[in-house]
Amino acid sequence: MSESNPNASVEPIGESEHSACCANPTRRALLTALASCACLAAIDPAAADDDEQPGASDRPQKADQLVRAEGDKAGEVIKADDLTLGGPPIRAWPKDPKSAVVRKGSRLNEVVLVKLDPNELDDTTRARAPDGIVCYSVICSHAGCPITAWVKEEQGDKNVFKCLCHNSEYDPRQNAQVVFGPAPRRLAALPLTVADGAITVAAPFVGKVGVQQGG
Ligand code: FES
């Protein structure tokens with residue numbers, strides 16, 4: 001079930017060194033052995049001093065903004081117009097608009113957004129996705145690697161989120177349910193709203209974040 005299609009194209013999410021590394025399918029076999037530790041170490045930007053600020057490790061809260069997690073525009077507030085229908089996805093951190101604290105003190109707070117056709121979304125997903133913008137935790141429920149690829153699914157024609165550690169896939173149109181690989185459960189969803197063009201958090205995570213048992 002977890003064998004990967006070697007012909008599948010892989011589009012990394014974001015521009016981090018880690019993402020580019022893990023997105024190379026020709027190196028996947030080698031990377032798999034290293035991925036769990038290497039990915040966790042390389043992807044965790046929670047090393048800056050401001051990660052110690054009050055609230056930096058709190059989970060996303062209602063009315064939080066979302067800011068880019070990487071790239072030239074890292075730290076910029078994400079607007080609805082910044083997202084292109086069908087991708088690419090954008091990785092983000094929640095930010096308290098009152099204190100200006102970015103909640104990157106915990107890697108469990110990082111999320112990924114992508115804009116999809118609302119007509120493709122199931123009812124549960126659509127209710128959380130203004131203008132078709134869906135948002136999920138990047139933490140894979142299998143062993144905690146970050147989701148790093150937006151790629152054509154193994155068993156269909158649509159793009160899905162993929163964890164390259166062990167090839168689990170999640171369909172963002174169906175509340176990020178697992179559609180391939182060993183992951184035991186869906187990604188946690190972060191409900192959004194859009195006000196005056198700005199994307200904000202509508203409610204805390206729905207579902208468990210990370211690899212907690214019992215999901
Ligand atoms: S950590 Fe194993 S598939 Fe994601």
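## Burial and overall make-up

Of the 215 residues in the chain, 45% are buried, where a residue is called buried if 20 or more other C-beta atoms lie within 10 Å of its own, exposed if 12 or fewer, and partly exposed in between, with C-beta atoms placed from the backbone. This is a predicted model, in which local features need pLDDT of at least 70 and side-chain atom pairs count only at pLDDT 80 or more, while totals for chains, interfaces and linings use all residues. Residues are numbered from 1 along each chain as its sequence is written.

The secondary structure comes to three helices and eleven strands, taken as DSSP runs numbered from the N terminus (helices being H or I with at least four residues, strands being E with at least two). Read from the N terminus, the order of the elements is β-α-α-β-β-β-α-β-β-β-β-β-β-β. Among contacts between residues at least 6 apart in sequence, 61% join residues at least 24 apart, a contact being a pair of residues whose C-beta atoms, placed from the backbone, lie within 7 Å.

## Confidence

The average pLDDT of the chain is 83, and 76% of the residues score at least 70; pLDDT is the predictor's confidence in each residue, from 0 to 100. Over residues 1-8 the pLDDT is below 50, and this stretch has 13 contacts in the model beyond near neighbours in sequence. Residues 15-48 also have a pLDDT below 50, with 50 contacts in the model beyond near neighbours in sequence.

## The nonpolar core

The largest nonpolar core has 50 residues, and those with the most contacts inside it are Val112, Leu113 and Tyr136. Such a core is a set of buried Ala, Val, Leu, Ile, Met, Phe, Trp, Tyr and Cys residues joined through C-beta atoms within 7 Å. Elements that give two or more residues to this core include β3 (90-95), β4 (111-115), β5 (133-137) and β6 (149-152). Leaving aside neighbours within four places in sequence, Tyr136 is in contact with Val111, Val112, Pro172, Ala176, Leu187, Ala188, Ala189 and Leu190.

## Strand β3 and its partners

All six residues of β3 are buried, with Ile90, Ala92 and Pro94 on one side of the strand and Arg91, Trp93 and Lys95 on the other. Strand β2 (residues 65-68) runs antiparallel to β3 and is joined to it by four bridges, two strands being counted as paired if DSSP finds at least two bridges between them. Antiparallel pairing also links β3 and β4, over three bridges, and within it Arg91 has Val112 in β4 as its bridge partner.

Pro94 lies in strand β3 and is the bridge partner of Leu66. Pro94 counts as buried because 26 other C-beta atoms lie within 10 Å. Beyond its neighbours within four places in sequence, Pro94 is in contact with Pro60, Asp64, Leu66, Arg103, Asn109 and Val201. Pro94 and Val67 are 27 residues apart in sequence, and their C-alpha atoms are 6.3 Å apart in space.

## A hairpin and an exposed residue

Strands β6 and β7 form a hairpin with six residues between them, and four bridges join these antiparallel strands. In this pairing, Ala149 stands opposite Lys162 in β7.

Ala195 belongs to strand β10 (residues 192-195), and Ala195 counts as exposed because it has 11 C-beta neighbours inside 10 Å. Although Ala195 and Lys79 are 116 residues apart in sequence, they are 9.6 Å apart in space, C-alpha to C-alpha.

How values were computed. Contact = placed C-beta atoms within 7 Å.
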